[in-house]
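The following exercises concern the geometry of one model. Each task is followed by a solution in steps.

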Amino acid sequence: MRAEDLLSLGVSLPDTAAMAVVISHDCDIANDNLNVEPDVEFVLGKIVEEANGNYRFAKNPRILHISVKHSDDPCVVELAASRKVVINKDALANYSPDERFSIDPKSLRILQSWLAARYRRQALPDVLVNRLCPVFDFMEKQGKKYAKGILGYWFDVDPRSGDLSSEEPYEIWINIVYTIDDQEAGQNGVVLAKSIKEKFPGLMAKTEDLGPVVLRHCEAYSEQEFTLRDLREMIEYRLEYLSYRMDPEGPTV
């Protein structure tokens, strides 16, 4: 939806917003029972010159860079999860979609995954987070450097819940998953895994007084190798969201 249409509907837009993307389900929009589905939800966006790898593939729960077509030319749109608006269907009756923009099925799946991820993020035990702080800082820096083509990080942790005493070790398995659509992605994943394995003992020494963490596994896998079972059984780790102890507390599954 065009920015000028939003303004005419009384929507207050930040200076950077250029459009709004409908995120309500097709069936909800088509439902003409306004007592059940009275509104359509949008997320505000803007065109950016170049995609930031840290915001691709729904890795960041707050910001998404997604590939779309604008007047048949490829472009990148930035969406912010905090910039959502809800508009009544009656008010939308005289407006049409902005047909200059189109989105392919792959980008649409990424958008859906990003929207869902904001509400399904899982947390790690606070004690484990504190022990792993130097590792997370290292992953943050390395992740930004080698972000291109990396879909995300999946952890397996034992135990998964509960705060252990400083004498008891946590065990952790780290899986770095990369896309097959980018030639650099596999190498980036391998470099990330190798650097984490090499630095892990030294990083953990910084918090050794809090208790041990044993790295059992850290490898990179393509999206073809990482199975649906892996996806279901492991914890998706997002660099910006680490613990239950947040201000304000975020949602968990």
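**Exercise 1.** Does Phe226 count as buried or exposed, and at what relative accessibility?

*Solution.* The model is predicted: local features need pLDDT of at least 70, side-chain atom pairs count only at pLDDT 80 or more, and totals for chains, interfaces and linings use all residues. Residues are numbered from 1 along each chain as its sequence is written, and side-chain values use heavy atoms, with hydrogens and water left out.
Step 1: buried means under 20% relative accessible area, exposed over 50%, and partly exposed in between (1.4 Å probe, protein chains only).
Step 2: Phe226 has 11% relative accessibility and therefore counts as buried.

**Exercise 2.** Describe the aromatic pairing in the structure.

*Solution.*
Step 1: rings of Phe, Tyr and Trp (its six-membered ring) pair if their centres lie within 6.5 Å; planes under 30 degrees apart count as stacked, over 60 as edge-to-face and the rest as tilted.
Step 2: the structure holds 1 aromatic pair. The ring centres of Trp154 and Phe226 are 5.3 Å apart and the planes stand at 45 degrees, so the pair is tilted.
Step 3: Trp154 belongs to strand E6 (residues 150-158) and Phe226 to the loop between E8 and helix H7 (228-233), so the pair ties together parts 72 residues apart in sequence. Helices (H or I, at least four residues) and strands (E, at least two) are DSSP runs, numbered from the N terminus.
Step 4: Trp154, at 8% relative accessibility, also counts as buried.

**Exercise 3.** Locate Ser222 and state which residues it touches, not counting residues up to four places away in sequence.

*Solution.*
Step 1: Ser222 is in strand E8 (residues 213-222).
Step 2: with a relative accessible area of 7%, Ser222 is buried.
Step 3: beyond the excluded neighbours, Ser222 touches Val177, Tyr178 and Ile180, where contact means heavy atoms within 4.5 Å.

**Exercise 4.** Characterise the packing of helix H5 against helix H6.

*Solution.*
Step 1: H5 (residues 126-145) and H6 (residues 185-205) pack at about 150 degrees, with axes 10 Å apart. Axes are lines fitted to C-alpha atoms, for helices over the stretch in contact, and angles run from 0 to 180 degrees between N-to-C directions.
Step 2: this angle makes H5 roughly antiparallel to H6; angles under 35 degrees count as roughly parallel, over 145 as roughly antiparallel, 65 to 115 as roughly perpendicular and the rest as oblique.
Step 3: residues meeting across the contact include Phe138 in H5 and Leu192 in H6.
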